[in-house]
Amino acid sequence: MTGRQLREGFLEYFERNGHAIVRSAPLVPAQDPTLLFTNAGMVQFKTVFLGDERRDYVRATTCQKCVRAGGKHNDLENVGRTARHHTFFEMLGNFSFGDYFKAGAIAYAWEFLTRELGLPRERLWATVYTDDDEAFGLWKTVAGLGDERILRLGEKDNFWAMGDTGPCGPCSEVHYHQGDHLPCAEVAAGRPCLGPACECDRWLEVWNLVFMQFDRNAEGRLTPLPKPSIDTGMGLERIAAVVQGVPSNFLTDLIRPLLAHVERLSGKAYGARGADDISMRVIVDHARAAAFLISDQVTPSNEWRGYVLRRIMRRAMRHGRLLGLVEPFLWAVTGTVAEEMGDIYPELVERRPLVAEIVRLEEERFAETLDRGLERIAEEIDAGADWPTMTPGGEPVATPPVAGEPAGRRRVPGRVLFTLYDTYGFPVDLAQEVLEERGFAVTAETAGEYDAEMTAQRERARAGATFGAATDEGAAAFQALATELGTVTFLGYDTQAAPARILAMVLDGRRRREAVAGDEVELILDRTPCYAESGGQIGDTGQVTGRQGRGEIVDTYFRGAGLIVHRLRVVEGGFREGEDVAVAVESERRQGLRLHHTGTHLLHAALRQVLGTHVMQAGSLVAPARLRFDFTHQRPVKDRDLETIEDLVNERVRDNIVVDPFWTELDEALKLGAMALFGEKYGKRVRVVRIGDFSTELCGGTHLDATGQIGLFKVTAEEAIAAGVRRIEAVTGNAALRHVGRAEAALREAADLLRIAPLEVPRRLGKLLEEQRLLEKQLGNLEGRLARSRAQELVGGAREIRGVAVVVARLDGLDAEALRGMADAVRERLQSGVVCLGSATDGKVSLVSAVTKDLTGRFHAGKLVQEVAKAVGGGGGGRPDLAQAGGKNAAGLDQALAGVYDWVARVAG
Ligand SMILES: [Zn+2]
Ligand SMILES: [Zn+2]
């Protein structure tokens, strides 16, 4: 059974049993902004389980794409080292929202595994929560398992909770007994295998059934839920490995084709060498994660989700190097991911060119970082004689780090990791991996020293630094603040000025109760009319006025999970936490943003109409005085098409269509044909911006009331920014008028210079250029004639050395090419002899030597120039009849030229 059949079979089985098949949610969780990535099937149903939302089904089944990396499920370091850890995987699940409960869940699981998949009953075992007698009894009656095959486990293994409070309940797991012939760490240590509770490969947990049964309050007391629910999860790759009888998830047909690609790229066979196998597994797993994350609009950065993606990609790139892959390769592997899974997850195909480009750029950037960092690590190791040796009784001693080194591993000082990170941006986890591979230890002491260096660094940088530094620590700090303060209400669709309360202020990485004139703080209000940068539209600026102070908002943006933050420069007096203030948006600038945002939507629609619906938005910038729109398109946009696009937009501007923003359900919006855009997050309720029947987009931005306010739309540039991605820049309103005005002024200026009418300029310029070409030709002829007479002059000045005519001259100002031409001309006239010419131009020395045909047997031009170039600190060479050299020491040129006579005399000997 293929992985594909397994995925389909699962969904079909549950559909037959009354479940709605629900599409996989994006990896960026729309409904849970505190969560890094969607990491389980239940994430998209969280509000349903909490009772905050009702759907028109009570049973659902999904195949959910999941990423686990960082946070609670920090599996990154383990991925590649084992047969079953992944950052990206697919989770099969069935869900009951207050419908069936334990009996149903157990019966479905048992029937699917034994009937649909045909797994042998005698290999299946179950675990239940220690006092869950109900589940224990059901495994006996429904599945017919004997007491000895149902294990009772404790809270750590078999109790699940959504958070510290809220829904929770016991779980029950199905384990598959692979066989006692497989290795077990417990047995190796002389203890018995722990059975289904063991970590070893003899026993595989294949399915986890969660019985959401209780609501836990803040005191930790459990009250039964009125409608208990079911949430189950089964890793697709793992169950595929069981069904296909392969010892590793990576050998299933879901992943094996990717390994094959890496085998082709590296010329190495999977399974031949342990270390290579680890690298190959890292690469294919991380390629999957990168392809899916970027397709779901995560881009590598130093913040939050982007940072995790960057770490994943960089780890894969480093393992590529371990396999000898020096050129960018990961982008190609992500292409295979799209080929393998694109029909199930169409976003992989849609975004494929973008994914390839982003990954390749990241690979090029990282190659530089890596080269510098690895060099530095080698230097640090060479200089590392004083690194402390670990005390006996510390970690058990592995192989000695360096041949001949006494046992007792040496410990890496935290300073080394810090320098690498601070100076080269070399990721700490990678540095640790490299150093550990070379046999050094990174210990808690190392981490302590590293933290101390980091703290000291922050102290040093305090004057200029803010909480907003683009680090993962900064992001985490804001994340905590967002959780504490809750959602900030955005008022800016309806108003540009409003009263608000100061909830928090952050200065120099710390919360402050007060801010005074001169401070620049990050300000969080309970409500705000200021638009925070998102969806391409940059953040608002404005003013804050309090009873004691006045300040300027210089930017507004999101931090953490959707927390609106204002960067506030306190101009006068001061502000206090809890104070009520008046907030006003800089309205002229906001008007520019509205113009260019609505302009962007018109452009997007026009592009799709003129170029085709393959045009997908790949990014955009909406600024007060310009807009930039990136989109997928393979070729440059023809001038004619560009004109049509511009005309079409301007027609819609003159139509003065009402811009109609409204809120609706996501499904409803998609039915209206709304385009879901890059970089946006969608909740259950979405905002749609409709411009007549011309454009419908999901968009949170601020827009005009009607298109006529744009006045004029003008494209200013069209260019490629990446393979398959084009960029159009444009201006609207006043900015467009100014753009046209500037072009007109330039034309008028040119016309004045030519003393003709503006519209005559192109024809006249064409004529002038033609004349210039003619003049240049005449000039070239004259120069040639001049050169010939100069050559004649030089021949006249030849000196006779042992019967050989030698011409030597210094001709400053001529470049190497002109010098070569002159040497040729001189040799031609000389009939028999040796020529050497030199010049110094802007401190650069050129030397050219030439020998007539009859003498090349005796005098080698290459050797001559090589010899004399020493005096100008350079070198060179060439043919026996013509050669050239360069140098940097212009002061030595005369000496070099004088040396020619000596050389000829010596060689003629
Ligand atoms: Zn075991
Ligand atoms: Zn928009």
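Start at the zinc ion (ligand 2): its donor residues are spaced H-x3-H-x97-C in sequence. Select His 597 (NE2), His 601 (NE2) and Cys 699 (SG), which coordinate this zinc at 2.1 to 2.3 Å. Donors here are N, O and S atoms within 2.8 Å of the metal (3.2 Å for Na, K and Ca); water is not among the atoms, so sites may look incomplete.

This is a predicted model: local features need pLDDT of at least 70, side-chain atom pairs count only at pLDDT 80 or more, and totals for chains, interfaces and linings use all residues. Residues are numbered from 1 along each chain as its sequence is written, chains are lettered from A and ligands numbered from 1 in the order written, and side-chain values use heavy atoms, without hydrogens and water.

Stay on His 601 and Cys 699. Both are buried (under 20% relative accessible area; exposed is over 50%, partly exposed in between; 1.4 Å probe, protein chains only).

Next, select the zinc ion (ligand 1). Cys 184, Cys 193, Cys 198 and Cys 200 each give an SG donor, 2.2 to 2.4 Å away. Their spacing is C-x8-C-x4-C-x1-C. Cys 198 is buried, at 9% relative accessible area. Cys 200 is buried too, also at 9%.

Now the rings. Select Arg 687 and Tyr 493: the arginine lies over the ring face, 3.6 Å from the ring centre. The criterion is NZ of Lys or CZ of Arg within 6 Å of the ring centre and within 35 degrees of the ring normal. Last stop: Arg 799, whose charged end sits over the ring of Tyr 901, 3.9 Å from its centre.
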